[in-house]
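The stops below say what to select and what to look for.

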Amino acid sequence: MNNAEGMQERFSELPPTLRKAGMKRCHQCNGHFGLIRHKLALNHFCSRRCLNKYKTDTDRKMARIKRVDRLSYSKTVRAT
Ligand SMILES: [Zn+2]
């Protein structure tokens, strides 16, 4: 019977947002958890490396948002 294999293939085609449901995979690499699980806020990570990667990614994103905020702010100040 090949049913299980077909099911698995169909699941892997699902978008990452749906596959993430249930929090049974690492938030960063989407890999399975080992013996140790790292937690940050509501997210779970399979390793410290993934956790750090997520942190640096988030920091970079936040820095970009802050920069854009400052730019748009100075623009509005100049305009008025
Ligand atoms: Zn991971």
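Start with the whole chain in cartoon. This is a predicted model, and the protein has 3 helices and 2 strands. Trace the cartoon along the sequence: the order is α-α-β-β-α.

Now colour by burial. Of the 80 residues in the protein, 6% are buried. Then turn to contacts with a sequence separation of 6 or more: 11% of these join residues 24 or more positions apart.

Next, colour by pLDDT. The mean for the protein is 79, and 69% of the residues reach 70 or more. Where is confidence lowest, and where is it highest? Helix 2 has the lowest confidence, with a mean of 51. Strand 2, residues 43-45, has the highest, at 93. Keep one caution in mind: where pLDDT is low, predicted coordinates should not be read in detail.

Select Asn30. This residue sits in the loop between helix 2 and strand 1. Check its backbone: phi is positive, about 65°, although Asn30 is not a glycine. Is Asn30 buried or exposed? Asn30 is exposed, because 12 other C-beta atoms lie within 10 Å and a residue with 12 or fewer falls in that class.

Move along to His32. It occupies the loop between helix 2 (16-19) and strand 1 (38-40). His32 counts as exposed because it has 9 C-beta neighbours inside 10 Å. Which residues does His32 contact, leaving aside neighbours within four places in sequence? The partners are Arg25 and Cys46. His32 and Phe45 are 13 residues apart along the chain, and their C-alpha atoms are separated by 9.1 Å.

Go on to Ala41, in the loop between strand 1 and strand 2. Ala41 has 8 other C-beta atoms within 10 Å, so it is exposed.

Finish on His44, in strand 2. How many other C-beta atoms lie within 10 Å of His44? The count is 18, so His44 is partly exposed; a buried residue would need 20 or more.

For a last view, show the stops together. His32 links to Arg25 and Cys46 by contact. His44 lies in strand 2, where confidence is highest.

Methods:
Residues numbered from 1 in each chain as written. Predicted model: local features only at pLDDT ≥ 70, side-chain atom pairs only at ≥ 80, totals over all residues. Helix = DSSP H or I, 4+ residues; strand = E, 2+ residues; numbered from the N terminus. Contact = placed C-beta atoms within 7 Å. pLDDT = per-residue confidence, 0-100.
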